[in-house]
Amino acid sequence: MKHPTRRVETQLAVIGTGIAGFAAALFARARGLEVAQFGHSGALAYTTGYLDLLGAEHGRKVDDPWAAVAALRRGEPDHPFTHLSDADLRSALTGFVAELNAGGLGYTAPGDENLTALLPYGVTKKTLSVPETMRPGVEALAAKAPALIVDFDGLQGFSAREFAANIAATWPGLTTARLAFPEMEGKQVFPEVMARALETRKTREEFGARIKPLLGAVEYVGLPAILGVNGPDAVRADLEERLGVTLFEIPTIPPGVAGIRLREMFERLLPARGAQLEPNLKVSTVSFDDGRVTLGLAGPLENLEVRADAVVLATGRFLSGGLGSTREGVFEKLIGLPLRQPGGRDGWFREDYLDPDGHALNRAGIPVDAQFRPVDAAGHPIQPQLFAAGAILADQDWVRSRSGAGLAIASAWGAVQTL
Amino acid sequence: MDHDTEVLIIGGGATGAGVMRDLALRGIKCLLIDRRDLNAGASGGNHGLLHSGGRYVSTDTETAAECRREGDILKTVAPQCIDDCGGLFVAVEGDDPEFAEKFPEACAAAGISCTPLTADEARAREPALPDTVIAAYAVPDATIDPFRLVLEQVSHAEALNGSRYLPHTGIEGFEIADGRIVAAKARDLKSGEALRITARQFVNASGAWSGKVAALAGSEAVKVTANKGTLIISNTRISKGVVNRLRPPGDGDILVPGGTVSILGTSSVTIDDPDNYAPTIEEVDRILDEGTAMLPILAGTRFVRAFSGVRPLLASAGADGRAASRGFTLFTHGDDGLSNFATIAGGKLTTFRLMAERAADLVAARLGNTTPCRTETEPLPSGPGAGWTEPGASARDWMARTDPTDTVLCECEMVARSTVDEILTQAPGHEEHMGLEAIARRSRIGKGACQGAFCAMRVTSHLYDMGAYDSAQGLAEMRAFIEHRYTGTRPVLWGAQLPQTELAEILHVGLAGLDMIEEDR
């Protein structure tokens with residue numbers, strides 16, 4: 001069956017619905033551009049919710065991300081951060097967090113120092129901005145305050161005992177308890193379902209009543225991230241009032257609530273900001289002619305043909321489908337852009353999985369110029385109206401350096417500055 | 001802590017476990033020890049092929065006939081460990097037709113049933129075969145789950161007469177007096193505690209390490225070459241039965257089904273150190289290039305893992321690698337001046353029972369026990385916690401239970417909490433604090449498409465909840481497990497498997513901070 005084709009005219013097309021894509025769309029709207037955004041990936045589900053700028057270098061934790069960024073610019077002259085000044089980075093991060101706050105997700109203001117944040121198995125990480133629901137965990141850890149960690153019957157991959165046992169060296173004396181989640185007794189429970197249930201007052205009443213007898217003399221209660229999907233700060237405030245203690249969330253394994261919150265918030269915020277968002281459509285073709293860009297998209301009911309003045313490619317790496325690979329090499333899947341990549345497969349991955357220097361393949365990707373335009377081997381832009389942002393960029397290892405959100409936000413900011 | 005037993009058996013592979021059960025059936029109490037755990041050596045690093053013998057007919061008629069006899073016995077006494085799926089020998093264009101023509105005659109000489117098939121008949125049996133088939137024969141190949149085989153034998157021996165198994169127990173020397181070993185000096189490699197094990201008889205069944213163990217008893221008689229074989233595992237089952245390339249043995253010429261997957265191999269490389277080996281990208285490419293000639297479908301197949309084992313080949317008559325005999329030898333060590341030490345070495349998984357019988361006959365005779373061997377006819381029962389290594393078994397069990405509280409810890413292989421708990425409390429070795437790796441060895445944990453990315457974390461959390469871990473040791477073991485899984489995924493990272501590893505790193509580094517554990521402390 002031949003589907004009807006709907007035509008869309010816009011100034012900027014954004015391909016990708018991860019943090020980089022959403023950031024690019026928001027920054028472009030803030031500059032007054034018409035924006036249409038497309039994507040289909042769910043990789044946002046894998047985030048902890050923390051916004052990192054630079055949390056590690058060569059296997060060591062970083063307290064001062066700004067000093068580390070300065071060192072990175074000297075030591076890695078091809079890193080995407082070299083195309084941006086500190087003022088650019090601060091504008092990008094501050095602007096992005098302001099959008100999150102406006103969208104209803106409280107986040108701490110990006111500052112001069114990294115925060116020490118909690119991870120699900122009792123290890124900590126350095127990050128620049130955390131959701132308000134997780135901020136008290138940073139404070140409680142710093143104060144080594146008396147705290148109760150709660151886990152739940154039927155919730156996989158989060159154990160209060162495991163968290164407490166592994167963080168004991170830095171935060172001793174945590175107590176733990178296991179609860180049955182209201183009306184989900186005797187079955188497997190999932191963070192998203194628990195979070196949505198806690199948005200209702202009745203569930204919060206019963207939930208609070210079950211935690212209250214366990215409190216003893218603790219000042220804080222740590223929970224897996226389940227305090228609501230929409231309006232988590234209000235859910236937390238309501239429960240804190242009922243319990244008379246401070247609550248904090250700890251990220252969980254995917255599918256975690258922090259990423260679902262971001263995604264749902266963006267899907268409300270972008271249309272409110274006047275952007276056209278199609279979050280479940282995959283772009284299948286991109287072509288350039290007459291100084292403009294044409295995107296082809298195949299939907300379940302209709303096809304789309306999008307004509308734009310410029311395009312930002314923020315399709316992510318292998319997991320999100322931006323990059324593909326064969327035994328012979330790595331390729332960019334949508335446009336076939338030239339990539340910077342290591343020679344043979346033998347050089348892709350180190351022999352030790354957790355080698356502090358990371359794997360060469362993780363630094364493969366799209367090389368860009370100072371305006372974040374993909375370039376060829378000679379350094380010339382492939383197309384003047386084509387930009388790239390986020391994890392697909394070459395010469396960075398966002399996982400090891402704890403810089404995923406910072407890279408996505410800053411490169412998205414950089415990509416729309418010349419438009 | 002010290003131990004006393006009638007027979008100490010060193011090496012928890014198929015042979016050691018086989019000797020343990022054989023002796024237990026004769027009423028003799030044994031202690032089986034392994035430096036690591038059951039199936040840690042060649043018995044866990046093979047393709048699980050129960051040879052019809054067809055593979056050896058052109059080079060070693062005696063081994064081929066032995067394989068045939070032993071295969072028939074095992075199909076009768078241990079059917080729960082075997083998939084009697086049959087096998088084909090197939091030559092394709094470019095292979096030597098003369099070699100193919102001689103195959104039926106060579107099979108007949110070893111007493112192996114061999115049915116010629118037309119190319120169409122062969123493709124009807126195995127649709128993955130190409131149009132270029134020039135000769136095909138059906139043989140009674142089958143597959144065997146070596147993990148279950150060993151677990152069931154140990155479980156049975158323990159149930160028979162209180163024989164015991166100790167993991168992570170390494171041999172460091174022997175106390176010898178008047179031509180007899182009085183005690184083995186060992187160490188609990190987990191706690192570091194020294195152990196003294198007294199016994200009346202000592203059996204060395206340590207495979208690629210048997211030369212080293214014999215040397216600790218002062219014997220230089222056992223010369224074993226460690227021969228590394230590498231195999232790759234596909235994400236789905238490609239063939240119904242075993243598919244062998246009909247040509248002189250080479251890399252990538254056997255495809256063996258294993259439940260829901262297939263295993264392609266095998267390379268053959270002599271190595272110096274049986275403690276230090278891993279599959280390489282070069283080996284994987286060679287196996288795949290060779291295999292694709294016989295089964296073109298392999299070019300587009302997703303592989304989830306490569307793994308290597310070390311064949312313990314007896315270094316006789318100057319031959320090594322593929323040319324070396326797959327036969328076995330029982331060393332009585334009389335020439336070494338020892339009257340209560342035996343080494344059983346060489347051989348194959350398919351012939352492990354016969355090897356165990358020979359060793360047990362010697363030990364029993366030395367102990368004055370005249371009970372005959374019963375393993376040829378006595379069915380191997382299914383023991384508690386021993387049946388979870390077969391792909392698909394835990395999924396079937398979980399679906400049959402329909403218990404809403406029985407959550408699935410490993411989604412790729414559908415391993416439920418109840419399965420992990422049964423292993424934790426009942427499987428062979430459970431007395432000695434079982435962690436993630438021991439549970440994975442006794443189940444399908446970590447063996448599916450995600451290769452442990454998720455289930456390692458879920459199972460570890462569950463083990464903390466169960467009290468199996470109560471310190472930072474659990475997370476350290478999880479990290480070690482994940483690091484070890486990676487050595488097998490690294491050579492097959494391209495195409496559909498590559499995003500799995502990207503996701504794994506996001507989880508293990510980004511979310512769990514496993515590269516930063518020491519930074520915190």
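Reader: Which helix of chain A does A:A70 lie in?
Author: This is a predicted model, where local features need pLDDT of at least 70, side-chain atom pairs count only at pLDDT 80 or more, and totals for chains, interfaces and linings use all residues. Residues are numbered from 1 along each chain as its sequence is written, chains are lettered from A and ligands numbered from 1 in written order, and side-chain values use heavy atoms, without hydrogens and water. Helices are DSSP runs (H or I, at least four residues), as are strands (E, at least two), numbered from the N terminus. A:A70 lies in chain A's helix 2 (residues 65-75).

Reader: Is A:A70 buried, partly exposed or exposed?
Author: Buried means under 20% relative accessible area, exposed over 50%, partly exposed in between (1.4 Å probe, protein chains only). The relative accessible area of A:A70 is 26%, so A:A70 is partly exposed.

Reader: How do the axes of helix 1 and helix 5 of chain B run: roughly parallel or roughly antiparallel?
Author: Axes are lines fitted to C-alpha atoms, for helices over the stretch in contact, with angles from 0 to 180 degrees between N-to-C directions. The axes of helix 1 (residues 14-25) and helix 5 (residues 146-161) of chain B come within 8 Å and cross at roughly 25°. Angles under 35 degrees count as roughly parallel, over 145 as roughly antiparallel, 65 to 115 as roughly perpendicular and the rest as oblique. That makes helix 1 of chain B, relative to helix 5 of chain B, roughly parallel.

Reader: How do the residues of the contact of helix 1 with helix 5 of chain B divide?
Author: Contact means heavy atoms within 4.5 Å. B:A14, B:M20 and B:L25 are among the helix 1 residues, and B:V150 and B:L160 among those of helix 5. Ala, Val, Leu, Ile, Met, Phe, Trp, Tyr, Cys and Pro count as nonpolar, Asp, Glu, Lys and Arg as charged, and the others, Gly among them, as polar. The contact residues divide into nine nonpolar, four polar and two charged.

Reader: How many of the residues of helix 12 of chain B are buried?
Author: Helix 12 (residues 455-465) of chain B is mostly covered. Its cover includes helix 5 (160-167) of chain A and helix 13 (473-489) of chain B. B:Y464 is one of the buried residues, with a relative accessible area of 1%. The count of buried residues in helix 12 of chain B is ten of eleven.
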